[in-house]
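Hi everyone, thanks for making time.

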Amino acid sequence: MEWFEDEALWADFTDVLFSAERAAEAETRAASSPLLRVAPGTRVLDLGCGPGTYTVPLARRGAEVTGVDLSAALLDRASTAASEAGTEVRLVRADMREFAEADRFDLVISMYTSFGLFDDHEENMRVLRNARTCLAPGGRLLIDLYGKEVMARDGARPKILDVEGGTLIVRGTVLDDWTRFRDDFYLVRDGRVRQASIVHHLYSAVELKRMLAEAGFTGVECFGGFDAEPYDHRARRLIVRGVRA
Ligand SMILES: C[S@@+](CC[C@H](N)C(=O)[O-])C[C@H]1O[C@@H](n2cnc3c(N)ncnc32)[C@H](O)[C@@H]1O
């Protein structure tokens, strides 16, 4: 089993990875980010939608959103979040390496490092090609992740965080000559320690731009945050956007 197929990981760490703060941040970004602007009826595909962190706020702004995820438990949470927000979303349990509905969407998003999860480079390329297939001509792909340059600048220092009822320790390790990154989580709660690890590719802006170009995207550009800031020494995220010609 690959780490992202482990439902227990998402169940154990759900309130840490998908905190109320992150949900509020997504709501603010959906309302104000020029990169996430949607008009009523914009057809959005949220790849690796998780508990609907962006699916639901974008639907609340009038977009027709489809969320795709492998985790049944997270899709249940997304469904509940949509009902509570009084909005409708379409949720599909599928592997992003397989999901491809041709010409169906105006915007495909991949948020919070939901891209680059597969060890095999070709499988990550397949996700990009599927995203291109899913887009109607002129549609856009937006990927938000933790860039290699940001990681190199900020360092992978261990973090100790207070979480509800316990403490979370996160230790990051750079792997394979800065190709991949592993986050080890240790959650101390109720006298127990639960451990989980997440491994993903670590892309520089240049690497990711090349990959989008290879998958057939044009007008590929990078941003350093959701206000469409440049990807420079102040960047907090690596956001790359490409257009399906
Ligand atoms: C870091 S979480 C981000 C979730 C969400 N985008 C957010 O912003 O909160 C990554 C998500 O990708 C999903 N995922 C992992 N592997 C997947 C796969 N092969 N196909 C579809 N979804 C997958 C996980 O279940 C998880 O919900």
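Let's start on the outside: the face of H5 turned away from its buried side carries Asp76, Ser83 and Glu84, which are exposed. Exposed is over 50% relative accessible area, buried is under 20%, and partly exposed is in between, with a 1.4 Å probe and protein chains only. Helices (H or I, at least four residues) and strands (E, at least two) are DSSP runs numbered from the N terminus.

Quick caveat: this is a predicted model, where local features need pLDDT of at least 70 and side-chain atom pairs count only at pLDDT 80 or more, while totals for chains, interfaces and linings use all residues. Residues are numbered from 1 along each chain as its sequence is written, and side-chain values use heavy atoms, leaving out hydrogens and water.

So which residues of H5 are buried? They're Leu74, Leu75, Ala78 and Ala82. These four cover an arc of only 100 degrees around the axis, which puts them on the same side of H5; the arc is that of the directions from the helix axis to the C-beta atoms. The buried residues pack against several elements, among them helix H1 (7-12) and strand E2 (64-69), with contact meaning heavy atoms within 4.5 Å. After H5 comes Gly86, with a positive phi near 70 degrees.

Now the sheet. It's open, with seven strands in the order E3-E2-E1-E4-E5-E11-E10 and mixed pairing; two strands pair if DSSP finds at least two bridges between them. E3 and E10 are at the edges with a single partner strand each, so one side of each has no neighbour in the sheet.
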